[in-house]
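Please open the structure in a viewer and keep the selection tool at hand.

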Amino acid sequence: MARHLITSAIPYINGIKHLGNLVGSQLPADLFARYLRARGHEVMFICATDEHGTPAELAAAKAGKPVAEYCAEMHEVQAGIARGFRLSFDHFGRSSSARNRVLTQYFARVLGEQGLIAEKSEKQFFSIDDNRFLPDRYIEGTCPNCGYERARGDQCENCTKQLDPTDLINPRSAISGSTNLELRETKHLYLRQKSLRDDIRNWITSKTDWPVLTTSIALKWLDDGDGLQDRGITRDLKWGVPAQFEGAPWHGMEGKVFYVWFDAPIEYIAATAEWADANGKTDADWQRWWRTDEGADDVTYTEFMGKDNVPFHTLSFPATLIGVNRAGGAQWKMVDYIKSFNYLNYDGGQFSTSQGRGVFMDQALSILPPDYWRWWLLSHAPESADSEFTWENFQTSVNKDLADVLGNFVSRITKFCRSKFGEALPEGGTWGEREEALVIELTTRIRAYEAFMEEKEVRKAAAELRAIWVAGNEYLQSAAPWTVFKTDTAQAAMQTRLALNLTRLYAVLAEPFIPDASATMLAALKTEDRSWPDDLRTALTTLPAGHAFETPDVLFRKIADEEREEWQKRFSGIRS
RNA sequence: GGCUAGGUAGCUCAGCAGGUUAGAGCACGUGACUCAUAAUCACGGGGUCGGGGGUUCGAGUCCCCCCCUCGCCA
């Protein structure tokens with residue numbers, strides 16, 4: 001019995017995420033959380049929406065709504081889709097919550113008191129017509145290097161040259177197109193990460209069991225070029241956590257907010273506090289997950305994210321926590337393991353939110369139930385390298401694995417039993433060599449499955465689970481109760497009873513991957529016994545002779561070629 | 001240009017403290033079975049492990065060079 005804190009990278013608020021986002025963080029995190037719960041561990045699984053920043057303000061303006069209202073609505077939309085995919089968050093929070101505002105300001109204050117925050121003055125473009133400062137990438141102009149007329153202030157997309165907004169010829173606002181810009185002096189806070197470089201490096205290098213993908217990205221940022229740079233943690237915006245507050249160790253930050261990447265990871269903690277608020281718990285109840293001085297010592301904390309999020313989770317957020325812990329007051333839990341993922345590509349190119357390319361979460365649910373997506377995405381998770389979604393692969397994988405191997409197993413044994421013995425587990429017969437051999441094989445495979453799940457080796461766990469399903473079909477095929485029935489009814493009864501117990505076992509083992517089908521299987525077997533198969537002999541005799549069941553409908557219908565072709569066409573275009 | 005990861009059967013991938021005839025799933029072929037969602041099970045064909053050198057008794061597995069893909073950074 002252990003305590004596991006699990007967080008998934010928090011999705012940005014301005015729209016519905018695509019399947020690549022889902023498989024890179026929320027879905028594998030959910031798999032892990034469900035598995036650990038099934039094993040009887042205490043789990044706190046946290047996610048949230050990341051709501052601050054310029055993109056949210058602009059999206060709200062485009063929708064003609066106040067930004068707070070827009071975020072509240074989009075949060076509900078994303079929460080609904082998460083439920084649709086059966087993501088089992090203990091809490092799905094909001095980075096715009098009061099809890100996050102308080103915590104973010106608290107962390108900033110302590111960092112300031114520790115001398116880890118510097119004030120810097122700099123010049124930034126202010127758009128008079130938009131009445132706002134413009135982030136680098138929201139300024140467009142002519143590239144001084146290649147003459148491309150739509151270069152962005154951070155980089156020219158045409159010649160890839162890195163730019164400073166002031167380099168641009170004829171700069172204009174990307175929001176309104178206005179050229180009525182002026183450079184204004186503005187003051188910002190910087191997190192002095194540079195001074196924490198050695199602490200961060202020591203911490204990273206102590207994590208010898210992390211995926212190379214995670215540590216190599218972190219070390220690269222630590223050491224490349226001039227090494228880790230101090231990072232601006234405030235912005236000239238209205239929508240965010242106010243940077244000037246009572247007790248702040250600085251002045252003159254009125255009208256400024258913390259940068260979205262400063263408050264977003266703090267939301268992991270805040271969302272746990274939101275969980276406590278929403279469930280009538282006390283501060284101590286959430287602090288025992290995050291405060292090592294308040295009982296979080298025995299917590300194992302695992303983060304899930306796509307590779308683009310790694311720098312923030314290996315450098316900026318740890319820098320914040322190291323700095324605050326240094327103050328000697330509250331001691332905050334740092335991550336124990338970061339599971340990072342590569343990208344999922346779509347049919348020969350990239351998924352793209354901005355271009356609307358690929359399949360988005362709401363669209364996916366509108367054409368097929370969540371288990372189909374969960375199974376395909378997890379069994380093809382981009383762990384060792386980028387992987388690719390194609391409709392053909394999706395169709396054959398899902399039809400073969402779910403419909404033929406698992407679904408048909410359940411179908412054939414329940415229907416066979418119903419026609420020969422009726423809808424209750426039949427009595428009689430004794431185990432022989434074939435059954436003993438099955439116990440040995442399943443024991444080996446289930447122990448391997450457990451190991452892969454604990455190591456968060458998602459694809460390998462999926463492959464092992466599938467092999468466990470196949471073992472059931474092999475058993476039935478060689479036992480052939482339909483033939484045995486003709487000469488030895490009792491023996492056929494034993495074989496049937498065993499196979500129906502296998503069905504319960506499959507429901508328990510597969511629950512982290514395909515929770516809906518798992519629930520359907522248990523309901524059909526009229527049992528709520530989800531006990532984990534520590535001992536296979538026990539697991540395969542859990543349902544006794546005489547136990548009634550219901551023959552379920554088809555568990556997974558197959559995807560037809562015509563459907564696949566239609567979807568292929570429908571999703572090849574651009575989402576509006 | 002620098003760096004990370006990768007280039008293994010038609011497809012998706014595993015393998016690598018270096019060691020007998022290189023593995024899995026899908027696809028393909030043959031057979032078995034008929035309980036089942038035209039499902040299942042068995043067997044089989046198929047790879048000069050990106051290319052070239054080197055170390056070694058022996059190299060997808062280590063070293064060097066080159067080519068290609070993806071990403072990050074400059």
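Begin with Arg 37 and Asp 90, which form a salt bridge whose closest N and O atoms are 3.3 Å apart. The coordinates belong to a predicted model. Arg 37 lies in helix 1 (residues 19-38), whereas Asp 90 is in the loop between helix 3 (67-84) and strand 3 (91-94), so this pair ties together parts that are 53 residues apart in sequence. Arg 37 is partly exposed, at 28% relative accessibility, and Asp 90 is likewise partly exposed, with a relative accessible area of 28%.

Next, select Asp 516 and Arg 86. Their side chains meet in a salt bridge of 2.8 Å, N to O. Because Asp 516 belongs to helix 17 (residues 515-524) and Arg 86 to the loop between helix 3 and strand 3, the bridge ties together parts that are 430 residues apart in sequence. Asp 516 has a relative accessible area of 26% and is partly exposed; Arg 86, with 30%, is also partly exposed.

Move to Lys 333 and Asp 336. Is Lys 333 buried or exposed? Lys 333 counts as buried, at 8% relative accessibility, while Asp 336 is partly exposed at 25%. The two residues form a salt bridge, with 3.0 Å between the closest N and O atoms.

To complete the charged pairs, select Arg 39, Arg 447, Glu 450, Glu 454 and Asp 534 together; a network of salt bridges links these residues. The model contains 37 salt bridges by the rule applied here.

**Domains**

Colour chain A by its assigned domains: domain 1 (3-114 + 192-341), domain 2 (117-191) and domain 3 (390-548). The centres of domain 2 and domain 3, taken over C-alpha atoms, are separated by 61 Å.

In soluble globular proteins, nonpolar side chains tend to be buried together. The largest nonpolar core of this model has 98 residues, and those with the most contacts inside it are Trp 373 and Phe 513. Helix 12 (residues 391-420) supplies the largest share of this core, 12 residues. Domain 1 (3-114 + 192-341) and domain 3 (390-548) each contribute at least three residues to the core.

Centre the view on Trp 373. Leaving aside residues up to four places away in sequence, Trp 373 touches Leu 19, Phe 85, Val 359, Ala 364, Leu 365, Ile 367, Leu 368, Phe 389, Trp 391 and Phe 394. A second, separate core has 62 residues, including Ile 10, Val 110, Trp 275 and Leu 315.

**Two further buried residues**

Select Ser 397, which lies in helix 12. Ser 397 counts as buried at 12% relative accessibility. Which residues does Ser 397 touch, not counting those up to four places away in sequence? Its contacts are Trp 376, His 380 and Leu 402.

Then select Ala 48 in strand 2 (residues 42-49). Ala 48 is buried, with a relative accessibility of 0%. Apart from residues up to four places away in sequence, Ala 48 touches Ile 10, Pro 11, Phe 92, Gly 93, Arg 94 and Glu 267. For a distance check, pick the C-alpha atoms of Ala 48 and Phe 258: they are 18 Å apart, and the two residues are separated by 210 residues along the chain.

**Cysteines**

Finish with the cysteines. How many disulfides does the model contain? The count is 0 disulfides. Cys 71 shows why for one case: the closest cysteine sulfur, in Cys 47, is 15 Å from its own sulfur, too far for a bond. Cys 71 is buried, at 0% relative accessibility, and Cys 417 is also buried, with a relative accessible area of 0%.

Technical notes:
Residues numbered from 1 in each chain as written. Chains lettered and ligands numbered in written order. Predicted model: local features only at pLDDT ≥ 70, side-chain atom pairs only at ≥ 80, totals over all residues. Heavy atoms only, no water. Salt bridge = Lys/Arg side-chain N within 4 Å of Asp/Glu carboxyl O. Helix = DSSP H or I, 4+ residues; strand = E, 2+ residues; numbered from the N terminus. Buried < 20%, exposed > 50% of the residue type's maximum accessible area, 1.4 Å probe, protein only. Core = buried A, V, L, I, M, F, W, Y, C linked by side-chain atoms within 4.5 Å. Domains from an automatic or database assignment. Contact = heavy atoms within 4.5 Å. Disulfide = S-S within 2.5 Å.
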